[in-house]
Amino acid sequence: MSHSNLSSQDRDKLTFLFDCYGAYIHHWPEEKRDWALSLIEQHPEAKTIRDQALELDQLLDQSSAEPDSAHLVSSILAQAPAKTSQNSVKPGLLSQLWPYESIWRPLSALTTAGIFGILLGTSSPNLLYQQEITEIESAYMEFSLGDSFPNSFPEGEID
């Protein structure tokens, strides 16, 4: 057994392990068991920490749990906020489609986005139509005007 001091990081991790899982080895996560057992074997301080946690676990095992108090349960339920029904009408199509509390927030967000889209689309059409003429459009224009495009196709043979 080594008598070197336990590092503060190992002490904190070991204390956290005992606080979360207790001192019983079978309660520890499997990936921590070998590490914790080696610390307990090598460092007397780790063994002391485990002994203290084991003493607490044994005291907790000996004590009995208090039964639920009906008075405590009723006082907690009395203090809990009651869910109020805003409309006492039977659930209709709207509540089946939107089962959440309020439909006004998503509806207002959708309406705002729609209005913004309409305003942007109608107030700035120049952004959409200020494009350069592509090669296909220029070829179409030349073909339809017929001035500079040779008419070498007899009618009815264009596939």
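Let's start in helix 3, with lysine 47 and aspartate 51. They sit four residues apart there, so about one helical turn separates them. Their side chains meet in a salt bridge, at 3.4 Å from N to O. Lysine 47 has a relative accessible area of 40%, so it counts as partly exposed. Aspartate 51 is partly exposed too, at 36%. Keep in mind that this is a predicted model.

How many salt bridges does a search of the whole structure find? Two. The other one joins arginine 11 to glutamate 45, and its closest N and O atoms are 2.5 Å apart. Arginine 11 belongs to helix 1 and glutamate 45 to helix 3, so this pair ties together parts that are 34 residues apart in sequence. Arginine 11 is partly exposed, with a relative accessible area of 27%. Glutamate 45 is also partly exposed, at 31%.

Now a charged residue without a partner. Arginine 50 is in helix 3. It is buried, yet it has no salt bridge. Which side chain of opposite charge is nearest to arginine 50? That is aspartate 51, and it is 5.6 Å away. What does arginine 50 touch, then, leaving out residues up to four places away in sequence? Phe18, Ala23, Ile25, Trp28 and Ile40.

Phe18 is worth a stop. Setting aside neighbours within four places in sequence, phenylalanine 18 contacts Ala23, Trp28, Ile40, Ile49, Arg50 and Ala53. Phenylalanine 18 is buried, and tryptophan 28 is buried as well. How many aromatic pairs turn up in the whole structure? One. It is made by phenylalanine 18 and tryptophan 28: the ring centres are 5.7 Å apart and the planes are at 45 degrees, so the pair is tilted. Phenylalanine 18 lies in helix 1, and tryptophan 28 lies in the loop between helix 1 and helix 2, so the pair ties together parts 10 residues apart in sequence.

Both residues also belong to the largest nonpolar core. That core has 12 residues in all. Here is the list: Leu6, Leu14, Leu17, Phe18, Ala23, Trp28, Ala36, Leu39, Ile40, Ala46, Ile49 and Ala53. Which elements give two or more residues to this core? Helix 1 (8-21), helix 2 (30-42) and helix 3 (44-62). As a general point, nonpolar side chains in soluble globular proteins tend to be buried together.

One more stop in helix 3. Glutamine 58 is found there. Its relative accessibility is 41%, so glutamine 58 counts as partly exposed. Glutamine 58 and tyrosine 24 are 34 residues apart in sequence, and their C-alpha atoms are 9.8 Å apart in space.

Now step back to the whole protein. It has eight helices and zero strands. Along the sequence, the pattern reads α-α-α-α-α-α-α-α. There are 159 residues, and 11% of them count as buried. The accessible surface comes to about 14300 Å². Carbon and sulfur atoms hold 58% of that surface. Finally, contacts. Take those with a separation of 6 or more: 52% of them join residues 24 or more positions apart.

Key
Residues are numbered from 1 along each chain as its sequence is written. This is a predicted model: local features need pLDDT of at least 70, side-chain atom pairs count only at pLDDT 80 or more; totals for chains, interfaces and linings use all residues. Side-chain values use heavy atoms; hydrogens and water are left out. A nonpolar core is a set of buried Ala, Val, Leu, Ile, Met, Phe, Trp, Tyr and Cys residues joined through side-chain atoms within 4.5 Å. Buried means under 20% relative accessible area, exposed over 50%, partly exposed in between (1.4 Å probe, protein chains only). Contact means heavy atoms within 4.5 Å. Rings of Phe, Tyr and Trp (its six-membered ring) pair if their centres lie within 6.5 Å; planes under 30 degrees apart count as stacked, over 60 as edge-to-face and the rest as tilted. A salt bridge is a side-chain nitrogen of Lys or Arg within 4 Å of a carboxyl oxygen of Asp or Glu. Lys and Arg count as positive and Asp and Glu as negative; His and the chain ends are not counted. Accessible areas come from the Shrake-Rupley method with a 1.4 Å probe; for residues, only the protein chains shown count as cover.
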